[in-house]
Amino acid sequence: MADRVLVIGSGGREHALAWKLAQSPHVKHVFVAPGNAGTADNGKISNSAVLVSNHTIVTQFCKDHNIGLVLVGQEALLAAGIVDDLRAAGVRCFGPSAKAAQLASNTSFAKAFLDRHGIPTARWRAFTNPQEACRFIISTDFPARVVRARGPAARKEVTIAASKEEACRAVQEIMQDRMFGEMVVIEELLQGEELSCLCFTDGVTVASMPPAQAHKRLLDGDQGPNTGGMGAYCPVPQV
């Protein structure tokens, strides 16, 4: 394990990683870039203002500060290939390559992967034309009411529509107004509990964390628009 570690990201995930890393006797200091209020000057943990979107600057920071290991939690940076660039520059980095990160950042890629390998997933189709997407929503014999934005400017926005009409409106907003991207993935609405089971892997060994459930809807009682997740709890009684 490295004496100095850099964790890249600013959310609760990176906070938890930094907190746990700081407990290791093998870790001298944990930098978090950009970090958050919880990781600012907290014992062995401190924030860094290094410009994480510039991979060359991050590489130089690692060399200047003798960083022995980098952990990247921020999804957009993984998709942009920061792990590939750091490794190419000789910096040890834990995280998926840009190609592997598509499983999280590119919905249509991930769904096609699941289908190709026989992994169960909700029925789906991807569209670049809003009229074709709406025809699919209206004509299909299953509730095609989950609309996922996907495109160069997308923020992976998800709409869980109460009706086919609402799903069509979401498609129009995304594709005609170009709010979040230029492609949509229409998915079957699956009812029930939603859990996340995250794992650490080096490509050979898999170490699973306990299942967790995120708070997705904006309002109490599973009401209001879907969000990216406003916190989570673990363990969960369902598993």
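This is a predicted model: local features need pLDDT of at least 70, side-chain atom pairs count only at pLDDT 80 or more; totals for chains, interfaces and linings use all residues.
1. The parallel sheet. Five strands make up an open sheet whose order is β3-β2-β1-β4-β5, and the pairing in it is parallel. Because β3 (45-47) and β5 (93-94) stand at the edges with a single partner strand each, one side of each is left without a neighbour in the sheet. Within the sheet, strand β1 (residues 4-9) runs parallel to strand β2 (residues 29-34) and is joined to it by 6 bridges, and Val 5 has Val 30 of β2 as its bridge partner.

2. Helices on the sheet. Helix α1 (residues 12-22) packs on this sheet, where it touches β1, β2, β3 and β4 (69-72), and its direction makes about 170° with that of β1. Helix α2 (residues 55-64) also packs on the sheet, touching β1, β2 and β4, with a direction that makes about 160° with that of β1.

3. Nonpolar cores. The largest nonpolar core holds 20 residues, and those with the most contacts inside it are Leu 6, Ile 8, Val 58, Val 70 and Val 72. At least two residues of this core come from each of β1, β2, α2, β4, α3 (75-79) and α4 (82-88). Leaving aside residues up to four places away in sequence, Val 72 touches Ile 8, Leu 77, Leu 78, Ile 82, Val 83, Cys 93 and Phe 94. Another core, of 18 residues, lies apart from the largest one and includes Phe 142, Ala 161, Cys 168 and Ala 170.

4. A hairpin. Strand β13 (residues 217-219) pairs with strand β14 (residues 223-226) in the antiparallel sense over 2 bridges, and Leu 219 stands opposite Gln 223 in β14. The two strands form a hairpin with 3 residues between them, and Gly 221 in the turn has a positive phi of about 70°.

5. Aromatic pairs. The structure holds 4 aromatic pairs. One of them, formed by Phe 94 and Phe 200, is tilted, with 6.3 Å centre to centre and 45° between the planes. This pair links distant parts of the chain, since Phe 94 lies in strand β5 and Phe 200 in strand β10 (residues 199-201), 106 residues apart. Phe 94 is partly exposed, at a relative accessible area of 34%, and Phe 200 is partly exposed with a value of 34%.

6. Phe 136 and Phe 142 form an edge-to-face pair, 6.1 Å centre to centre with 70° between the planes. Phe 136 is buried at a relative accessible area of 12%, and Phe 142 counts as buried at 8%. Ring pairs join Phe 127, Phe 136 and Phe 142 into a cluster.

Notes: Residues are numbered from 1 along each chain as its sequence is written. Side-chain values use heavy atoms; hydrogens and water are left out. Two strands pair if DSSP finds at least two bridges between them. Helices (H or I, at least four residues) and strands (E, at least two) are DSSP runs, numbered from the N terminus. Contact means heavy atoms within 4.5 Å. Axes are lines fitted to C-alpha atoms, for helices over the stretch in contact, and angles run from 0 to 180 degrees between N-to-C directions. A nonpolar core is a set of buried Ala, Val, Leu, Ile, Met, Phe, Trp, Tyr and Cys residues joined through side-chain atoms within 4.5 Å. Buried means under 20% relative accessible area, exposed over 50%, partly exposed in between (1.4 Å probe, protein chains only). Rings of Phe, Tyr and Trp (its six-membered ring) pair if their centres lie within 6.5 Å; planes under 30 degrees apart count as stacked, over 60 as edge-to-face and the rest as tilted.
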